[in-house]
Every structure is written in C-alpha cells, then in structure tokens.
Amino acid sequence: MKLENFFREVKRRHVPRVAGMYLVGAWAAVQVVATIGPLLHFPDMAGRLTVIAAAFGFPIALIVAWLFDLTPDGLRRTSDMDAEAINLGTRPGDLPASQTPTSRGAPLPARAAGFMGLGMLVAFVAFAAYSRFAPPLLETPAPAIKRIQSIAVLPFVDLSAAKDQEYFSDGITEELLNRLGQIDGLRIPARTSSFAFKGRNIDVRNIGRDLHVEAIVEGSVRRDADSVRISARLIDVNTGNQIWSKEFDRKIDSALSVQDEIAQSIVTALQMKFAGAPMAMPTEDQGTKDSKAHALYLQGLGALHKRTPKDLRAALDYFERAVARDPSYALAHAGLAQTYAVLPSYTDFPAEEAISKGNSAAARALSLDGMLPEAHAAMGQLEQNFEWDFIGAEGSYRKALGFNPRYASAHQWLAETLLLTGQADGSKTEVEQALALDPLSPPALNLRAYQTLVRGDVTGALIGFQKLTQIHPDYELGGLNEAYAAVMLKRFDIARHGINIAFAANPQLLALASKVVAGIEQPGKRPDAVRALESMSRVMPPATLALWYAAIADKAHTLKLLDASAKEHVDGSFPLILLHPLLAPYHDDARFRTIVREVGVTVSQP
C-alpha cells in the first residue's frame with residue numbers, strides 16, 4: 001500500500017479522531033478519579049492504575065478503530081463493511097463521508113467512547129493478568145502499613161511571601177495537637193517537644209527516634225491577601241515515605257475559624273490511619289474570639305516552656321498583651337500565673353510581686369473557667385514554690401490531671417511535689433509519664449536527672465544533665481545542675497561546660513563562677529573562690545549560692561544562706577535545693593533540721 005493510500009485509509013477509518021477523543025476522555029477519567037477518589041476512600045493506587053490503563057489502552061483503541069467499527073448492529077470488522085461497499089459497486093475510498101458504511105453506524109463521539117472503554121477494559125484485564133503471573137515492572141507494592149499509634153505534629157512552616165503568618169501556622173499546629181491528643185489509643189508528644197524542632201532541618205528518622213513516634217505530621221501555610229493554602233503531609237519515620245498528603249484552599253474570614261476547620265479536616269482525613277475506630281472530634285473552644293489574642297497566647301506558651309530568663313520575660317509580655325486584648329481569656333490568665341510562679345527561680349524578678357500577681361492571675365482564670373487544667377496547675381505551682389503548701393499543691397495538680405490526664409506539665413509538677421514529700425516512687429512514675437507525653441521537655445528532663453541525684457547516683461545524674469544540655473544548650477538551670485554534679489565527681493572540665501551554659505547571659509557571673517570552680521579544683525586558689533562567692537551574693541539567690549558554699553565545704557555560710565532563704569520565702573527553687581546531696585553533710589545539724597521542718601520537705605540520706 002502506498003503511503004498516500006495508507007494515510008487516506010487511516011483517515012477514512014477515523015483513527016486520528018478516535019485518538020484525539022480517546023486522549024480527551026482518558027484525561028477526564030484521570031481527573032474524575034483524582035477528584036472523587038479521596039471522597040469515596042478509593043485505594044491510593046486507584047489514580048495510578050487509571051493512568052496506566054489509559055496508557056496501555058491507547059494503542060489497543062487505535063488497533064480496534066482500524067479493524068472494527070461500531071454500528072447499530074454491533075461491532076463489525078471494517079473489511080466486512082468494505083465488502084458491502086464493493087457490492088454497491090463503489091470503492092470505499094470513493095464514497096463521500098456521509099455515505100460510507102462506517103458513517104451509518106453510531107455517531108463519532110459514541111464510537112470513540114466505545115473504543116476508549118474497550119481499550120481500557122482490555123488494558124485492565126491484561127495488566128491484571130500480568131500482575132498475577134509475572135513480577136512487577138513498574139513498582140513493587142509497598143507493604144501494608146500497620147495502624148499508627150503515635151504521631152508527632154511538627155510546627156507548620158510559614159511560606160507566605162511576607163513571612164508574617166507564623167501566628168497562623170502555629171495556631172494550626174496547636175489545634176492539631178489539641179485534637180489529635182483527644183483520640184484514645186493515639187500518643188501525641190506535647191507542644192514543647194514538637195516545637196523543639198521548629199526552624200531546624202532534621203531527618204524525620206531522627207525526629208522519630210527522639211520523640212518515640214511512628215509518624216510525623218508536617219505542613220506549610222501560604223497566605224495571599226484573603227486566601228490561604230495549607231499543605232499537610234503524614235510521613236512514616238522508619239522509611240521516610242509519605243503516607244498521606246492533602247492541600248486545603250480557603251478564604252480567610254476569621255483566622256480562628258479557619259484554623260479550627262483545617263485542623264478538623266486534617267484529623268478526619270488521617271483517622272483511617274489511627275489506632276482504634278474512627279471517631280468524631282469535638283470542636284475545641286479556644287476561650288477567645290480574638291485571633292490576635294490567641295496568637296499572643298501561643299507565643300507566650302512557647303516562650304514559657306523554654307524556661308530561659310529571656311524567654312520567661314517574653315512570655316510575661318505575650319500573656320499580658322493577650323489578656324489586655326481579651327480580659328475574659330482564661331487560658332491567657334492561666335499562662336500569666338504559671339509564668340509568675342517560675343520567674344523568681346530563673347530570673348531576678350521580685351518574688352513578692354510574682355506571688356501577688358501570680359495568685360491574682362490564677363484566681364481570675366479559675367473564676368472564668370473552674371475546670372481549666374492550666375489554671376489549677378498554675379495555682380499548684382504557686383502553692384508549691386512560695387507557700388510551701390505541698391498538700392494543697394498536690395491537690396491542685398491532681399485536679400488539673402482529672403480534667404486533662406495528658407497534661408504533661410501537671411505530671412511533672414506533681415512529680416516535684418511528691419519528691420518533696422518523700423514519695424520517691426510516685427515522683428518517678430509521674431516524671432516518666434510527663435516525659436512519655438513530652439519527651440524533650442527541659443524541666444521534665446531536668447527533674448528526672450535531679451531525682452537520680454537525690455537517690456545518690458551522682459554519675460547517672462550527671463549523664464542525665466549532660467543529655468539535657470546537649471538537647472537544650474540554652475537551658476541555664478540544666479547547666480547549673482550539670483556543674484554541681486560534675487564538681488561532686490571532680491569532673492571539672494564538665495563543670496566548666498555547665499557554668500558556661502548557666503551564666504552565658506552574664507559574663508560577670510561566669511567569670512566569678514569560673515574562679516569558684518578553680519578554687520574547688522586547686523586548694524591554693526580557695527581564697528579567690530571565697531572572694532568570688534562574696535561578689536556573687538549580690539546577684540544570686542541565697543539558696544543557689546548556698547550550694548556553692550557547700551561545694552567548698554564552708555558550713556557557716558551554707559547554713560546562713562539556707563536560713564535566709566527560709567525566712568525570706570522568695571526563692572521558688574528553695575524546697576528542691578534542700579534535697580541536694582551537696583547538703584547531705586548537714587542532715588544531722590540541728591539548724592538544718594529546723595529549716596527542713598519549717599519548709600515541710602522530707603529529706604533522707606542517700
């Protein structure tokens with residue numbers, strides 16, 4: 001057959017038109033499956049199989065179009081129809097298009113649809129047969145994914161051009177944490193641990209190892225004017241493979257309502273992957289309708305959990321601005337109370353002011369919401385740190401945990417109170433529960449190492465403090481405790497590392513503390529250490545300074561400073577300091593026993 005005749009025959013048999021309409025139909029089929037598949041919970045392979053079938057079916061449809069035609073009488077070979085034309089005394093190629101036998105069949109769109117369906121059907125059958133009897137060429141099927149029982153939610157990233165949507169992305173993250181945390185059988189590390197990875201480029205496998213989770217949720221926010229696109233992904237930390245992903249496009253009328261809606265949508269989409277039966281999630285009441293007040297609260301919460309002097313002062317500012325915008329915002333009042341409760345232990349903030357304002361903020365929060373766990377926990381901190389009412393503090397923490405058993409900070413603070421009252425086993429259980437909920441929490445990691453120290457295992461405690469300062473190199477209290485433990489073991493290199501962390505923000509104090517460590521290491525430099533401690537007394541809380549005097553075995557100054565702390569009632573760390581093994585040589589001293597009795601702690605010899 002000449003090439004010209006071949007192309008004429010291809011055209012007569014409508015092969016080009018069938019090809020064009022097949023491609024359009026295939027594209028439409030792929031789009032339909034991609035659109036309705038997630039709504040009807042199609043398997044993840046449905047879209048891929050549609051594309052493969054369409055590709056395999058294309059040459060089949062062209063062959064069928066060449067060999068056959070669809071007519072009112074059914075599928076007939078084109079050669080048969082050519083014979084009819086010959087019987088009419090006309091060559092098929094000479095008939096006008098309107099009179100050819102093929103044109104008397106179904107309309108061309110119907111014929112193309114028929115060829116497409118037939119081609120894809122044959123492709124599906126062939127592909128299924130091949131998959132059944134031959135090894136796969138295109139892809140090895142992934143093993144079935146077991147039900148996920150632990151997920152970490154990483155902070156969503158702000159990809160907006162102006163980089164001004166951090167409050168919005170943090171809000172979505174917070175909402176996801178709250179909602180996922182309400183699903184029975186699903187473990188979600190708390191906010192402190194999740195936000196520890198904010199702005200850091202870390203392999204998901206390492207994140208999974210540090211947080212002890214099977215998967216992570218991560219995402220991004222891109223806002224343009226009054227529109228926002230939120231992307232979310234669920235990733236298997238063992239393989240690094242993406243399990244699920246989805247994009248949400250929304251118009252922003254209210255930032256809070258969009259955060260709430262998107263969080264609910266993501267949770268609903270993910271539920272089939274979770275342990276246990278799917279369940280409807282309740283709407284989370286943020287306690288405010290002011291999105292800016294809520295954003296300030298979230299910023300304050302993040303700063304509070306870091307527990308550095310700079311961050312605690314920032315937290316105070318955020319919470320104060322939040323309650324100024326919305327005086328009825330109970331969560332912000334509770335955050336304010338918690339910040340005041342710990343400020344004197346980390347900074348030089350006046351204790352009397354912290355006690356007064358902290359109690360006022362806690363009372364205000366409870367008057368707005370008597371079942372707010374954060375408010376009860378804040379009251380417990382004030383009772384523990386300054387009133388030394390450990391029975392009242394334990395009651396407040398247990399109330400908080402009654403309203404929210406997954407409240408990591410309440411478990412940690414309850415562990416402190418139990419340690420102070422001699423309930424070592426209960427304290428250990430509670431701090432482990434806190435770390436199961438919030439594996440990277442600086443104060444919880446610090447308390448676990450401190451428990452080890454109180455039990456007399458100084459080496460184990462030092463390892464714990466070193467791990468803490470490695471994870472949180474700006475956590476000053478961790479550095480200070482690392483230095484104390486290292487001095488007890490005569491590991492002065494590590495002690496210097498600890499004081500570098502503890503006094504990084506104060507070069508003068510760092511220089512003085514370095515002289516103290518040198519005086520302990522080298523007896524000839526003891527006079528320099530004593531003079532350095534005298535200078536430190538002007539800026540350091542007396543109970544903290546007492547431990548340094550105990551380290552150089554100056555009994556008189558140690559007891560004097562402990563007595564001052566007992567009388568002043570202003571050092572929130574004082575009760576826990578009384579348990580430190582550096583003070584063990586004074587346990588039999590009458591003055592020390594009097595101080596311990598006044599404070600109400602239970603001190604036992606390691």
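Guide: Let's start with one word: a residue counts as buried when its relative accessible area is under 20%. Keep in mind that we're looking at a predicted model.

Visitor: Okay, so is helix α24 mostly covered or mostly open?

Guide: Mostly covered: ten of its ten residues are buried. Among them are P542, T544, L545, W548 and Y549.

Visitor: What covers the buried residues of α24?

Guide: The cover includes α20 (476–488), α21 (492–502), α22 (507–521), α23 (526–536), α25 and α26 (574–577). And just after α24, you'll find A553 with a positive phi of about 60°.

Visitor: How should I read a nonpolar core, and which residues touch the most other members in the largest one?

Guide: The general idea is that in soluble globular proteins, nonpolar side chains tend to be buried together. Here, the largest nonpolar core has 64 residues, and F503, M536, W548 and F574 touch the most other members. Helix α24 (residues 542–551) gives the most to this core, with eight residues. Apart from this core lies another one, of 44 residues, including L372 and Y475.

Visitor: Let me zoom in on M536. What does M536 touch?

Guide: Leaving out residues up to four places away in sequence, M536 touches L509, L512, A513, V516, L545 and W548.

Visitor: Now helix pairs. How do α25 and α27 sit relative to each other, parallel or antiparallel?

Guide: Two packed helices are described by the angle between their axes and the distance between the axes. In this case, the axes of α25 (residues 555–568) and α27 (residues 590–599) come within 10 Å and cross at roughly 20°. Angles under 35 degrees count as roughly parallel, so α25 and α27 are roughly parallel to each other. Their crossing is left-handed.

Visitor: Which residues meet where α25 and α27 pack?

Guide: From α25 you have K555, L559, L562, D563 and A566, and they meet R591, F592, I595 and E598 of α27.

Visitor: What about a strand residue, say S231: buried or exposed?

Guide: S231 is in strand β6 (residues 227–236). Its relative accessible area is 11%, so S231 is buried. The S231 side chain also makes a polar contact with the side chain of E247, at 3.3 Å. Beyond four places away in sequence, S231 touches F156, E218, G219, S220, K246 and E247.

Visitor: And the whole chain? How many helices and strands are there?

Guide: The protein chain has 27 helices and seven strands. Buried residues make up 51% of its 606 residues.

Notes: Residues are numbered from 1 along each chain as its sequence is written. This is a predicted model: local features need pLDDT of at least 70, side-chain atom pairs count only at pLDDT 80 or more; totals for chains, interfaces and linings use all residues. Side-chain values use heavy atoms; hydrogens and water are left out. A nonpolar core is a set of buried Ala, Val, Leu, Ile, Met, Phe, Trp, Tyr and Cys residues joined through side-chain atoms within 4.5 Å. Buried means under 20% relative accessible area, exposed over 50%, partly exposed in between (1.4 Å probe, protein chains only). Helices (H or I, at least four residues) and strands (E, at least two) are DSSP runs, numbered from the N terminus. Contact means heavy atoms within 4.5 Å. A polar contact is a pair of N or O atoms within 3.5 Å; within protein, one must be able to donate a hydrogen and the other to accept it, and residues adjacent in sequence count only if both atoms are side-chain atoms. Axes are lines fitted to C-alpha atoms, for helices over the stretch in contact, and angles run from 0 to 180 degrees between N-to-C directions. Angles under 35 degrees count as roughly parallel, over 145 as roughly antiparallel, 65 to 115 as roughly perpendicular and the rest as oblique. A crossing is left-handed if the near helix is turned anticlockwise from the far one by less than a right angle, and right-handed if clockwise.
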